Amino acid sequence: SGAEIDWVMSQGVEMLVLSGDLVDDAEAVPHLSLALGELPPELPKFFVLGNHDRAHDLVEPARDAMTALGWLDAGAQDWWIPLRSSQVLVVGNELPWLDRHASPRSIDPARGVFGDSAPPGLILGISHSPDQLPWGQSLGCQLLLCGHTHGGQVRIPGVGPIIAPSWHGSRFASGVFFKAPTVMHVSRGVSGTHPLRWRCPPEVSVLELACAS
């Protein structure tokens, strides 16, 4: 809603990322413009698609609607963008549901080659599933942003989430994890087809990055 968008913008964000599962019904596609259409056009905005978008045969409609709103499709290609005094390489992964661009052309992880471009100050990965952490590591992503798990939906006090849709069970249900060289943040997301959330409130995450001193 407008209030949530206003709150996000009040945080002084310099980039926005959506990590998939944008729509569950064709009737919801036009509502993307209502929710996301009033963001500043100069603000870098990236998205990938997820299993819900594919399951409901909405890959093309969702992609077309998002790109028409000025969002950059990291599932289709990688992007170099300036951020402050550096360049950021943004790469996307929609596996195992979609394989539109899982192996970025801009980087050869075996040789550390970036074509004619200087190495980026930050390699930012966007993956719908946290199961793609090894992919992020292989590309040298310093930061990998994920979704898909919804935080497990139900969290037991003292135990945490019991189950999540991941090869690793609930291990990466939500939160921040580090496996060198990659910090992975898994968001609980803001919605879901299952109406029940217990001790697992939806979230919009605001991450502040700092250079190592």
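1. Arg100 and Glu94 are joined by a salt bridge in which the closest N and O atoms are 2.7 Å apart, the term being used for a side-chain nitrogen of Lys or Arg within 4 Å of a carboxyl oxygen of Asp or Glu. Glu94 is buried, with 2% relative accessibility, where buried means under 20% relative accessible area, exposed means over 50%, and partly exposed lies in between (1.4 Å probe, protein chains only).

2. Before going further, please keep in mind that this is a predicted model, in which local features need pLDDT of at least 70 and side-chain atom pairs count only at pLDDT 80 or more, whereas totals for chains, interfaces and linings use all residues. Residues are numbered from 1 along each chain as its sequence is written, and side-chain values use heavy atoms, with hydrogens and water left out.

3. Arg100 also forms a salt bridge with Asp73, at 2.8 Å from N to O. This pair links distant parts of the chain, 27 residues apart, since Arg100 lies in the loop between strand S5 (86-93) and strand S6 (122-127) while Asp73 belongs to strand S3 (residues 72-73); helices (H or I, at least four residues) and strands (E, at least two) are DSSP runs, numbered from the N terminus. Arg100 is itself partly exposed, with a relative accessible area of 25%, whereas Asp73 is buried at 5%.

4. The whole structure contains five salt bridges, and one of them brings together the side chains of Arg63 and Asp64, at 2.9 Å from N to O. Both partners are partly exposed, Arg63 at 27% relative accessibility and Asp64 at 38%.

5. Which residues of helix H4 (residues 59-68) are buried? They are Val59, Ala62, Ala65 and Met66, and, seen down the axis of H4, they fall within an arc of 145° and so line one face of the helix, the arc being that of the directions from the helix axis to the C-beta atoms.

6. The buried residues of H4 pack against strand S1 (16-19), helix H2 (31-36), strand S2 (45-48) and helix H3 (51-55), with contact taken as heavy atoms within 4.5 Å. After H4 comes Gly70, whose phi is positive, near 95°.
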